[in-house]
Amino acid sequence: MQKVVTLKPFTLITSTATISAQAHGGRAKCLQRLIRLDLPVPTTVALAFDTVHKIAAGRLPDINAILRAFGPDPLLSVRPSGEVTDWGGPGAILNIGMTGARHAAMVESHGEAAATALYLRFIQAYSVHIARLDPDVFDLPPEPTAAAVAEALDAYSDETGEEFPQDPATQLAEVLRSMARAWEGTTARLLRQAKGAPANAGLGLVVQSMALGVGLPESGSGVIQFVDGATGLPQVTGRYLSQSQGRDALTDRRGAIYLTKDKRGASLEELSPECFEQLLEFGQTCRRALREEMQIEFTIENNALRVLDAVRVQRNSRAAVRIAVTLANDKVIPPEEAVLRIPPRALTELLHPQVNPGGARDVIARGIAASPGAATGRIVFTSAAAQASAAQGEACILVRRETAPEDIRGMHAARGVLTERGGQTSHAAVIARGIGLPCVVGTTGISVSHSAKTLTAAGKRVFHEGDLITLDGATGEVLAGAADMLEPALDDAFQTLLAWADEARDIGVRANADTPAEARMARNFAAQGIGLCRTEHMFYEDDRLTVMREMIFADTPEDRQATLDQLLPMQRADFVELFEIMQGRPVCIRLFDPPLHEFLPSDREGMRDLAESLGLPIAVVTTRAEQLSEFNPMLGMRGVRLGITVPEIYDMQARAIFEATIEASRTGDPVVPEIMIPLVSANREVEIVKTRIDAVAAAVRVETGVDFTYRLGVMMETPRACLRADEIAAHVTFLSFGTNDLTQMTYGLSRDDAGRFMSDYVNQGVYQEDPFHMLDTDGVGELLTIGAERGRRATPGITLSICGEHGGNAESIAFCRAAGFDYVSCSPFRVPVARLAAAHLALNDRKMR
C-alpha cells in the first residue's frame with residue numbers, strides 16, 4: 001500500500017526538510033540544495049502549493065508561527081516559487097516587518113539615510129502591489145527623508161481611509177494573500193497557459209530573512225554568472241550596486257559597478273576581494289553539484305556575503321548547445337544528458353541567420369513561418385528581376401502572390417521569398433525549405449500588385465520594387481527596412497552534440513535534395529543519403545526548359561525521343577554529380593512526376609515567346625497548352641500515369657541513372673541507385689514500369705559491358721497504394737511514403753489552398769494542428785501503418801520510409817520509429833533537427849525501460 005505524505009502548511013528549509021519542486025516549487029528546492037552545499041543562505045520558510053491555494057481562498061496559515069521561525073523582529077522578503085520558473089509569478093516583496101518602531105531602531109544602527117530608504121521602499125511596494133493603489137501617488141523621491149516618509153504614510157491613509165499597517169504579522173498576511181490571489185487570477189492564468197503551463201499549475205511562496213544590503217561598508221547587492229548567455233563561453237558577468245537590495249544592480253545601471261577588474265570603472269573584485277573570491281568558489285560549487293551554469297543573486301552586509309537565490313543562466317540556443325557540450329566534456333553530465341538538454345527545434349536558430357531578438361522591429365505584416373532563417377533585401381516581383389538583382393550582387397526578396405515551378409530560378413537567386421497565399425506545404429514553402437531560403441507564406445493583410453509592382457501592407461503602407469524589407473522565417477513576420485542579424489553558429493559544439501546524437505539514435509535520417517548544392521548541404525549536415533531527389537526540378541534551367549518544351553510539342557514518338565536524347569547527357573551529368581557528392585551513400589531518385597503543362601508559360605506574352613522560339617504559330621502553342629490543361633492537374637496526368645502514357649521520359653531517365661552509376665563508380669565508391677516510381681495506385685502500374693526499366697538496365701549492361709545493381713521502389717502517395725501495399729511490395733525493394741500528397745488525398749484538401757482557412761479550423765478545434773505541418777497520426781497514420789504492415793507481410797525486410805516534409809518533425813519520427821520504419825527524409829536544413837529528435841526519442845525510450 002502506498003504511503004500518503006501529508007505536507008505541512010509551511011516548512012523551514014533545512015538540508016533534511018521534506019521539500020520538492022512538485023509541492024513547493026523550483027525556487028524552494030534550489031534553496032535547499034544551496035543549503036546542503038553549505039552556502040550562506042538566509043533563514044527561509046517554504047509554503048506549499050496547497051497552502052497558497054488555501055490562502056487565495058481566504059484560509060491563512062498560522063502567521064505568528066511562520067514569524068517565530070525567524071526570531072525576534074525579523075525583516076522578511078516573499079518570493080514566488082513556481083514548478084517551472086518560465087511560468088512566471090508575482091514579483092518579490094522586500095522589507096516586510098518594516099514599521100515606524102523598526103525604522104527608529106534602524107536609524108540608530110544603520111543611519112538615517114539607510115533606514116529611511118528601506119522604509120520608503122516598503123511603503124511604496126506595499127501600497128502599489130498589495131493595496132493596489134495608484135503607482136503615481138507613491139513615486140520614490142530622489143532623496144529619502146523623514147518628510148518623504150510622512151508624506152507617503154499620509155498618502156496611504158488618504159487613499160485607503162486607514163493607517164499604514166504597523167504590525168509585521170498583518171503585513172506578512174496581506175502580502176501572502178495578495179500574491180496568492182494574483183496567481184489564481186484570470187490574467188495570470190492566461191499568461192502562464194500561453195507559456196505552456198496547465199491552468200491549475202501550483203505556486204509556492206518562500207519567506208526569507210532579509211540580508212539588507214545597506215548600512216556599513218561594504219554593503220550592497222548584485223548578481224553574478226560565469227558564462228556568456230549569448231555564446232556559452234566562460235565569462236564572469238553581472239553587476240553589483242553598493243547600498244542596494246534585490247536585483248537593483250540590474251535596474252540601476254548608473255550606480256552599478258563591474259564585478260571583475262575593469263579599466264572603465266570600479267569593481268567588486270577591488271572593493272571586496274574576499275567576497276569576490278567566495279562568489280567564484282560558490283559558482284564552481286553550484287556548477288558541479290547542481291550540474292548547471294547558474295546565476296547567483298547575492299547580498300553583502302557589512303562585508304558578510306549572503307546567497308539569496310540561484311537560477312539557471314538565461315541563454316539563447318547557441319549558448320545552450322555550447323554549455324551542454326562543455327558540461328559533458330568536463331564530466332559534469334554524461335553526453336546523453338547533454339543531447340537531451342537541447343530541444344531539437346532550438347537547432348533551427350543555429351542553422352540560419354536570425355533577426356536579433358534585442359533589435360528594433362517595424363512589423364508590417366505577419367504570415368506563416370514556412371522556412372526558417374532571416375534575410376534582408378530589396379523587393380522584386382518577378383523571377384527575372386531576382387536573377388538580375390543577383391547578377392548585380394544585390395540582395396533581394398522575391399514577392400509573389402504565390403510561386404509556380406517557373407519561379408524556381410528566381411527563388412534560387414533571391415535571399416528570401418514572401419507570398420500572399422499558400423500554406424506550410426505550398427510550392428514556395430517546400431522549395432524554400434529544400435534550399436534553406438527564409439520564406440513567409442499566406443501573409444495576411446498584404447496585397448501584391450504585380451502590374452503596379454507594389455506591396456500594400458496594413459495601415460495602407462505601400463512598398464515599391466526596390467524598397468528594403470526583412471523576412472523573419474522563424475516568426476512569420478515581415479519587417480520594414482534592414483533588421484539587426486545574428487549569423488549561423490555551426491561550430492565545434494554543434495558538431496559534437498550531433499555526433500553524440502548519432503550514437504544514440506536508432507532510425508536513419510536522409511535528406512530531400514534535388515540539386516548538387518542541396519546534396520552538398522545534405523553531406524555537410526551528415527545526412528545518411530538522399531531519400532528523395534525530385535528530377536523535374538532539373539528541367540527548369542533555361543537550356544533544358546527549351547528542350548523540354550520541344551519534347552512536349554513533338555508529334556511522334558520518334559520526334560519525342562530525339563528531343564529526349566538531347567536531355568539525356570544533361571540528366572546523366574546531374575546524376576554523376578549527385579553520386580560523387582554523396583560518395584557511396586544511397587541516392588533515391590524519383591522519376592518525373594509533375595503534369596507537362598507546368599513547363600509551359602501561363603500568360604499570353606509567354607506563349608508568344610514560346611511560339612517564336614519553337615518556330616510555331618501561336619495558335620498551335622495555345623491549342624497544345626489547352627489540350628494539356630486539366631481541371632485538377634494534381635490528380636490528373638502526372639507521376640506514373642505520365643510514365644506509362646509517355647514511356648520515353650522514364651526510359652531516358654533510367655538510362656541516365658544507369659550510365660551515371662557506371663561513370664561515378666569508376667572514380668569513387670560503388671553506387672547502388674534507388675529508382676522510385678511516383679503516384680502509384682495499382683499493382684499493374686509497377687509491373688509495366690518495372691519491365692521497361694529492367695529492359696533499359698539490360699541494354700546499358702550490354703552496351704557498356706559493365707554490370708551494376710539498382711533498387712526499385714514506389715512512392716506511396718495514394719490511399720489505394722497503402723491499402724494494396726502487399727501486391728505492390730512483391731515487385732520492389734522499398735516503399736517510401738510521400739506524406740504531402742497522401743495527406744492531400746486522404747483529406748481531399750489542396751495543400752496550396754489550405755492556408756486560407758486552416759487557422760480557423762485549428763482555432764475551432766476541427767483539426768488539432770495543420771495536417772500538412774504535423775502528421776495526422778490517426779487518419780494518414782493509419783494508412784501508413786496499414787501500408788507498412790501489408791508491405792512487410794508480403795516482402796519481409798522491405799525498406800520503409802517517409803519522404804514528405806513531415807519527415808523532419810519529432811512527432812513524425814516518433815510515429816515512424818513505432819511503426820518500424822527504417823529512415824525518414826526531410827529538407828537538408830531539417831536534417832540536424834531530425835537527427836537530434838531521433839536521439840531524444842531513443843534515449844527517452846531507454847530511460848523508460
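**Figure 1. Surroundings of threonine 661 in the predicted model.** Apart from neighbours within four places in sequence, threonine 661 is in contact with Phe579, Val671, Pro673 and Phe708. The model shown in this and every other view is predicted. Threonine 661 belongs to helix H26, which spans residues 647–667. With a relative accessible area of 1%, threonine 661 is buried, because a residue under 20% is counted in that class. Valine 689 is 28 residues from threonine 661 in sequence, and their C-alpha atoms are 20 Å apart in space.

**Figure 2. Glutamine 653, a further residue of helix H26.** Glutamine 653 has a relative accessible area of 0% and is therefore buried. Which residues does glutamine 653 contact, leaving aside its neighbours within four places in sequence? They are Thr535, Phe539, Gln571, Phe575, Leu591 and Phe592.

**Figure 3. The packing of helix H19 against helix H34.** Helix H19 covers residues 492–504 and helix H34 covers residues 831–848; their axes lie 8 Å apart and form an angle of about 50°. H19 and H34 are therefore oblique to each other. The crossing of these two helices, H19 and H34, is left-handed. On the side of H19, the contact is made by Phe494, Leu497, Leu498, Ala499, Ala501, Asp502 and Ala504. H34 contributes Pro832, Arg835, Leu836, Ala839, Ala842, Leu843 and Arg846. Sorted by class, the contact between H19 and H34 consists of 11 nonpolar and three charged residues, with no polar ones.

**Figure 4. The packing of helix H6 against helix H7.** The axes of H6 (residues 112–130) and H7 (residues 146–160) come within 10 Å and cross at roughly 20°. H6 and H7 are therefore roughly parallel to each other, because angles under 35 degrees are placed in that class. The crossing in which H6 passes H7 is left-handed. In H6, the residues that meet H7 are Glu112, Thr116, Tyr119, Leu120, Ile123, Tyr126 and Ser127. Their partners in H7 are Ala146, Ala148, Val149, Ala152, Leu153 and Tyr156. By class, 10 nonpolar, two polar and one charged residues form the contact of H6 with H7.

**Figure 5. Arginine 132 in the loop between H6 and H7.** Arginine 132 is a residue other than glycine, yet its phi is positive, near 60°. Is arginine 132 buried or exposed? Its relative accessibility is 51%, so arginine 132 counts as exposed; the cut-off for this class is over 50%.

**Figure 6. Lysine 453 in the loop between strands S16 and S17.** Strand S16 comprises 447–449 and strand S17 comprises 454–457, with lysine 453 in the loop between them. Phi of lysine 453 is near 55°, a positive value in a residue that is not glycine. At 33% relative accessibility, lysine 453 counts as partly exposed.

**Figure 7. The two sides of helix H23.** In H23, which runs over residues 604–614, the buried residues are Gly606, Met607, Leu610, Ala611 and Leu614. These residues cover an arc of only 140° around the axis, so they are on the same side of H23. Which residues are exposed on the other side of H23? Glu605 and Glu612 are exposed there. Glycine 615 follows H23 and has a positive phi, near 70°.

**Figure 8. The two sides of helix H24.** Helix H24 (residues 618–628) has Val621, Thr622, Ala625 and Leu628 as its buried residues. They cover an arc of only 125° around the axis, which puts them on the same side of H24. The face of H24 turned away from this buried side carries the exposed residues Glu626 and Gln627.

**Figure 9. The chain from which the close-up views are taken.** The chain has 34 helices and 29 strands. Its C-alpha atoms fill a box of roughly 110 × 65 × 55 Å along the principal axes. Of its 849 residues, 55% count as buried. Among contacts in the chain with a separation of 6 or more, 67% are between residues 24 or more positions apart.

Conventions
Residues numbered from 1 in each chain as written. Predicted model: local features only at pLDDT ≥ 70, side-chain atom pairs only at ≥ 80, totals over all residues. Heavy atoms only, no water. Axes fitted to C-alpha atoms, helices over the stretch in contact; angles between N-to-C directions. Helix = DSSP H or I, 4+ residues; strand = E, 2+ residues; numbered from the N terminus. Parallel < 35°, antiparallel > 145°, perpendicular 65-115°, else oblique. Left-handed = near helix turned anticlockwise from the far one by under 90°. Contact = heavy atoms within 4.5 Å. Nonpolar A, V, L, I, M, F, W, Y, C, P; charged D, E, K, R; others polar. Buried < 20%, exposed > 50% of the residue type's maximum accessible area, 1.4 Å probe, protein only. Arc of directions from axis to C-beta.
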